[in-house]
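Good morning, and thank you for joining. Please look at the sequence and the model on the screen, and I shall then take you through them in order.

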Amino acid sequence: MAGTNQKGASNMKVEILATGSNGNCIHLQSGSTGILIDAGKWKRDLEKRLLARGINAATDIQAVFITHSHGDHIRGLTLANKYRVQVWATEGEWKGISGVDEELRRVLETRWSKYDPVQIGELTIHPFRTHHNTYEPVGYAIEDDSGARACVVFDTGHIDDEMLDMMEGSGIYIIEANHDSDMLLYGPYDDYLKERISDPHRGHLSNDQTAAALQKLIKGRGERIYLTHLSSNNNTPELASQAARLALFEKGLINKRDYYLEVV
């Protein structure tokens, strides 16, 4: 689906295998090293999606990295058992994950306030804290040996300065744009659910929050932006795209000239 022409051009490729409340999974590859970010579809479904994109589950996945332990992000983790690949998650998120063989479990460790990076073949994976209603959720910035960089931010109630620092300089941005604030406010959900979704410490990003973050991050160097995890009840692809494009237009940046945006 995506390569990167950001600084340090490389063979880094990203395939968004699934996104949304029914399951989330991304395959990222550079050279001979491939990883999954989340595995939120059932194993058999994931195998079909990998095969359809020419990805060999037996050779093109060296590790799985989990953002958090909600079912739509871990449902297919038994894939790791079948192909004997490591599964990385924070100590907190392992509390909500079962079914992974003990010898495959790996813990993302903190050093002071930050997580230690993990080296897998040609890729270095940098975890960073996010804000959601789980134990210890994270996003990821991934670099390959050439210095090319991608970042993945799924469920989070807001994007803080530390997250921006970790995301900055990427050639590929895969980021949640969960809801339109007005659609959520006037939509069918009860008050409790509306409050949880919009809660900065437990919820999800609105289109405006995502657009504001992209306005700070995008430099007009041909970055590729993928808006993901849209709510089927509280958002539309048109609204998500419009919010991001308007925010970037304020910087003088135009889609398909200075950057490339896609809603998935």
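The average pLDDT of this protein is 95, and 96% of its residues score at least 70; pLDDT is the predictor's confidence in each residue, from 0 to 100. This is a predicted model, in which local features need pLDDT of at least 70 and side-chain atom pairs count only at pLDDT 80 or more, while totals for chains, interfaces and linings use all residues. Residues are numbered from 1 along each chain as its sequence is written, and side-chain values use heavy atoms, with hydrogens and water left out.

One stretch calls for caution. Over residues 4–9 pLDDT stays under 50, and the model has 18 contacts for them beyond four places in sequence, a contact being heavy atoms within 4.5 Å. Where pLDDT is low, the predicted coordinates should not be read in detail.

Let me turn to the overall fold. The protein has nine helices and 15 strands; these are DSSP runs numbered from the N terminus, helices being H or I of at least four residues and strands E of at least two. Of the 264 residues, 55% are buried, that is, under 20% relative accessible area, against over 50% for exposed and in between for partly exposed (1.4 Å probe, protein chains only).

Next, the sheet. Six strands form an open sheet in the order S1-S2-S3-S4-S5-S6, with mixed pairing; two strands pair if DSSP finds at least two bridges between them. Strand S1 (13–18) and strand S6 (105–108) stand at the edges with a single partner strand each, so one side of each has no neighbour in the sheet. On average, neighbouring strands of this sheet are turned by 25 degrees against each other, direction ignored; the axes are lines fitted to C-alpha atoms, for helices over the stretch in contact, and angles run from 0 to 180 degrees between N-to-C directions.

Strand S4 (residues 63–65) and S5 run parallel and are joined by three bridges. Val 64 stands opposite Val 87 in S5. Helix H1 (residues 43–52) lies across S1, strand S2 (25–30) and strand S3 (33–37), and runs at about 140 degrees to S1.

I close with one residue. Thr 90 lies in strand S5 (residues 86–90). Is Thr 90 buried or exposed? Thr 90 counts as buried because its relative accessibility is 0%. Its side chain reaches the backbone oxygen of Glu 136 at 2.8 Å. Leaving aside residues up to four places away in sequence, Thr 90 touches Val 107, Leu 108, Tyr 115, Glu 136 and Val 138.

Conventions. Polar contact = N/O pair within 3.5 Å; in protein donor to acceptor, adjacent residues only side chain to side chain.
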